[in-house]
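I'm opening my notebook for this one. Let me look at the chains and jot down what I find.

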Protein chains: 2
Amino acid sequence: MADFDTGLARNAANHAPLTPIDYLKRTAEVYGDKTAIIHGHLRQTWGKTYDRCRQLASALRQVGIGRNDTVAVLLPNTPAMIEAHFGVPMSGGVLCALNIRLDVEGLIFCLQHGEAKVLLVDSEFAAYIPRIKTHMPTLNVIQVNDLLGPVDVAHYGDDEYEHFLARARNTDDWVWPDDEWDAIALNYTSGTTGNPKGVVYHHRGAAINALSNILEWDMAKFPVYLWTLPLFHCNGWCFAWTIAARAGVNVCLRKFEPKLCLDLIREHQVSHYCAAPIVHAALAHAPEAQKAGIEHSVKGLVAGAAPPEAVLASMEQMDFDITHVYGLTETYGPSAVCVAHEEWHDLSISERASMKARQGMRGSLQAGLQVFHEENMTAVCADGEDMGELMFRGNIVMKGYLKNPEATQKAFADGWFHTGDLGVQYADGYVQIKDRSKDIIISGGENISSIEVEDVVYKHPAVMNAAVVAVSDEKWGEVPVAFVEIKPDASLTEQALLDWCREHLARFKVPKKIIFGELPKTATGKIQKFELRRLAKEHTSRI
Amino acid sequence: MADFDTGLARNAANHAPLTPIDYLKRTAEVYGDKTAIIHGHLRQTWGKTYDRCRQLASALRQVGIGRNDTVAVLLPNTPAMIEAHFGVPMSGGVLCALNIRLDVEGLIFCLQHGEAKVLLVDSEFAAYIPRIKTHMPTLNVIQVNDLLGPVDVAHYGDDEYEHFLARARNTDDWVWPDDEWDAIALNYTSGTTGNPKGVVYHHRGAAINALSNILEWDMAKFPVYLWTLPLFHCNGWCFAWTIAARAGVNVCLRKFEPKLCLDLIREHQVSHYCAAPIVHAALAHAPEAQKAGIEHSVKGLVAGAAPPEAVLASMEQMDFDITHVYGLTETYGPSAVCVAHEEWHDLSISERASMKARQGMRGSLQAGLQVFHEENMTAVCADGEDMGELMFRGNIVMKGYLKNPEATQKAFADGWFHTGDLGVQYADGYVQIKDRSKDIIISGGENISSIEVEDVVYKHPAVMNAAVVAVSDEKWGEVPVAFVEIKPDASLTEQALLDWCREHLARFKVPKKIIFGELPKTATGKIQKFELRRLAKEHTSRI
């Protein structure tokens with residue numbers, strides 16, 4: 001054989017770490033005058049966005065941020081949030097975009113576990129800062145006064161975002177990753193245990209998933225992207241980086257409201273958006289008057305649950321083309337796609353809805369999606385019946401969990417990422433989820449750990465035994481329902497226990513119903529969650 | 001800082017070597033029934049193509065091909081050529097696609113230097129085999145009887161392609177690269193020295209350039225791609241892999257003929273093609289009757305020289321959208337693109353032609369394109385005047401030259417790939433070539449080494465001194481012209497020397513003109529090629 005190895009090593013000329021930072025740089029070079037960000041009356045070009053991101057990187061470096069330093073942000077989908085997706089990694093730092101729906105205890109857990117040094121925080125969340133500062137006195141808090149945010153906000157940060165940027169001394173002081181395997185982001189997810197796990201993304205995965213988004217959607221240059229999907233969810237499924245790569249427009253959005261979104265879609269000729277099922281449903285069911293005047297085609301991605309038939313039908317009528325995708329925080333958001341085939345056009349809407357309800361196939365740049373029998377890692381029969389666990393492998397899988405080698409090893413056992421979702425595979429290769437093996441409840445696009453909710457319920461002095469399960473809900477997808485056994489000598493009302501939960505949990509995690517009674521257990525005393533799910537369904541259908 | 005490194009290493013679940021092989025696999029999984037290849041009456045699906053590529057890989061492994069073993073092919077743009085682009089790397093081997101326009105000496109050089117073990121050869125080139133076998137008796141020659149190739153061909157190979165495939169015992173016996181840095185292809189290029197250099201591509205670069213092609217062209221799924229560009233040129237600029245990634249159709253083409261191409265474009269609704277300027281010109285200048293009935297838009301890429309104004313105007317009238325791209329064999333084909341801006345629509349055709357004549361900007365997935373003063377590696381002034389050498393860096397740059405560490409190091413000096421092309425940069429960042437620092441002549445899309453031609457001329461017993469330079473030619477882009485000093489006591493006619501050249505050189509390398517006389521030299525005796533280029537221009541304009 002010929003020697004294709006000697007003298008042919010990597011060097012600065014023929015190898016560059018893959019990183020989405022470069023998508024911003026190249027777009028600024030080629031399309032510097034094109035609009036990057038629309039927010040209220042703000043129109044910001046890619047040239048200006050690149051300048052501001054370099055300022056952010058430089059300013060962060062001036063306060064000591066370097067490789068592997070965590071910079072957290074608590075921001076809605078504002079211009080500062082887009083800028084942070086480039087400026088933070090350009091400082092060498094790791095972006096930790098916090099879920100703004102968490103309660104302050106949850107936020108503090110993430111900040112402490114992630115060892116955040118700097119926090120960019122929107123004024124909407126000013127009230128959290130004193131409590132956070134009590135726990136983390138050295139945290140450098142940068143106050144972000146968004147132009148569409150609260151007005152007349154008192155000073156609460158160590159610095160203010162625009163002042164912070166303006167203080168950047170050298171906008172050339174920013175860095176490429178040394179290695180594409182370096183961390184770019186840290187995203188906390190509720191898993192099977194109560195404490196969120198810190199999912200670490202690397203530059204390579206972020207760069208590749210950003211391209212994968214382009215491929216799945218046939219996204220031509222200059223898309224107009226509406227930010228209905230929170231950027232704190234898997235970095236907005238990496239779309240901040242995708243839109244930079246395509247020189248598109250980011251239409252920012254502090255908060256989802258159907259009328260506002262429809263107005264933005266009409267005014268800016270929005271071409272693409274991503275969202276949880278509840279958001280699509282709200283758009284589909286908006287009054288006709290609000291939808292009027294939207295004459296162009298729009299493409300949407302939905303994940304978290306399949307789009308119901310009624311929503312799909314409304315969407316088709318609006319010329320909104322909705323694709324069902326599937327993934328987890330651990331896979332940078334969706335990395336499977338229910339590829340729609342031409343032939344499906346000829347099906348009835350209900351048949352088409354059931355085809356589209358499936359989770360689908362691996363994305364173009366994900367190496368594998370398979371359903372395995374967990375016990376022996378053999379692939380299930382592709383008959384739509386044989387159940388197994390859905391598993392991914394490839395470049396769109398996280399680096400691992402921060403400071404949690406055990407959970408990381410478990411997640412990657414046998415060379416596949418274990419999703420915890422149980423399902424089947426059909427003859428055409430498409431997979432479909434049938435159940436969850438992990439105790440996660442997905443409500444309005446947010447993960448809720450049933451164990452975290454159980455922990456809170458258990459702490460009530462009158463509770464002896466408790467279990468929380470998901471029941472499906474038309475509006476939220478799923479909601480938590482709690483089953484509770486009261487101590488023999490105690491008494492407790494549903495209202496009292498709900499109040500207790502509201503005190504100790506973020507609002508979206510509070511059970512929608514509490515059902516008192518003895519819990520069904522196995523012979524070994526293990527609570528039968530399967531049985532509880534059945535009971536919960538019965539109970540809630542009677543509400 | 002948080003520890004983002006420990007316990008977060010690569011593993012089989014979260015890292016897969018980038019390789020274009022996976023584009024075929026995934027497309028076969030999702031779009032197995034779609035047409036992959038059209039050739040005469042042949043319609044071959046992606047499912048079938050994947051099967052045949054696995055057969056090819058398995059059959060190659062059965063004859064001993066493994067990692068780093070070279071499999072050469074001497075094929076026009078036929079189905080076997082497409083299959084070789086997957087089947088060979090799937091065997092672990094390295095694909096060496098030979099230039100079918102080389103003479104047999106040139107072919108033997110490449111086969112020997114590349115240490116080829118197997119050669120797939122189209123029956124059109126059967127006559128070369130005895131000579132090749134004399135030099136390489138152990139070379140395993142597989143005869144390819146293409147369905148549109150010569151008929152009634154005698155047996156000349158050790159095996160025949162279809163028999164070879166049919167003998168594959170285990171179609172699961174194919175391999176992923178161990179490392180994305182592993183070689184995937186070997187492409188011989190004429191450089192500054194007479195002997196071709198073996199440019200080595202790796203899986204990573206091939207995979208990334210295939211995606212880059214999609215991005216530059218906004219290529220949606222299911223393109224219909226006409227193979228006007230030889231696949232032996234930089235693996236068809238990696239488009240075999242691109243079309244697989246997009247589940248497109250490969251419309252094969254043994255030989256370029258304007259009428260045939262226009263017929264294929266009409267019949268199959270071809271959406272994309274790439275070609276040298278001469279091919280575009282031939283399409284543009286075809287009789288109107290031949291163009292009639294092509295009502296759809298077509299996108300074309302041109303490299304090697306800027307499209308002349310007249311061609312551009314004709315093309316625009318045909319609704320053919322031509323983009324000028326730039327690159328070298330060392331950069332997997334084009335990795336710079338003259339991105340056209342909306343505003344250019346308002347320019348006159350001549351102004352637009354001059355904007356489009358520039359080589360442009362780095363491609364989306366190439367890390368850098370810069371013009372440097374060679375002596376101190378400072379960037380030129382972006383004023384359209386200051387001259388320097390064009391240099392690339394990034395993931396779309398070769399692994400290096402095979403068995404030539406010196407040339408590799410020289411090419412990669414200072415962390416940039418030196419193109420040898422001299423040019424300028426404009427205020428908008430676009431670069432333009434003004435001269436070549438290397439002695440390469442690009443004629444009809446083929447590289448000719450002026451030194452190789454000089455060597456042949458020198459060998460004629462009557463020649464004392466010789467120099468070969470490029471002059472521009474309306475049809476071929478450039479053609480070689482030779483300047484010759486005859487020995488004092490000898491005599492030689494132009495015809496006699498041309499005959500000599502035809503005997504020792506591939507037809508396209510033979511000088512178009514020979515000019516006798518004393519060669520202009522510097523004080524140190526170095527031939528002044530610059531002066532010769534001026535003289536050649538004068539002479540040829542008088543032809």
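In what order do the strands of the open sheet in chain B come? I read off β2-β1-β11-β10-β12-β13-β14-β15-β16, 9 strands with mixed pairing. Strands here are DSSP runs (E, at least two residues), helices are H or I runs of at least four, and both are numbered from the N terminus. Two strands pair if DSSP finds at least two bridges between them.

A note on the source: this is a predicted model, where local features need pLDDT of at least 70 and side-chain atom pairs count only at pLDDT 80 or more, while totals for chains, interfaces and linings use all residues. Residues are numbered from 1 along each chain as its sequence is written, with chains lettered from A and ligands numbered from 1 in the order in which they are written.

I found B:Gly300 bridged to B:Ile322 in β14(B).

Then I looked up β19 (388-393) of chain B. I got 6 of its 6 residues as buried (20 or more other C-beta atoms within 10 Å of a residue's own, with C-beta atoms placed from the backbone). β17 (368-373) of chain B is antiparallel to β19(B), with 5 bridges, and B:Phe372 sits opposite B:Glu389. β21 (417-425) of chain B also pairs antiparallel with β19(B), over 4 bridges; there B:Phe392 faces B:Phe417.

Conventions: A residue is buried if 20 or more other C-beta atoms lie within 10 Å of its own, exposed if 12 or fewer, and partly exposed in between; C-beta atoms are placed from the backbone.
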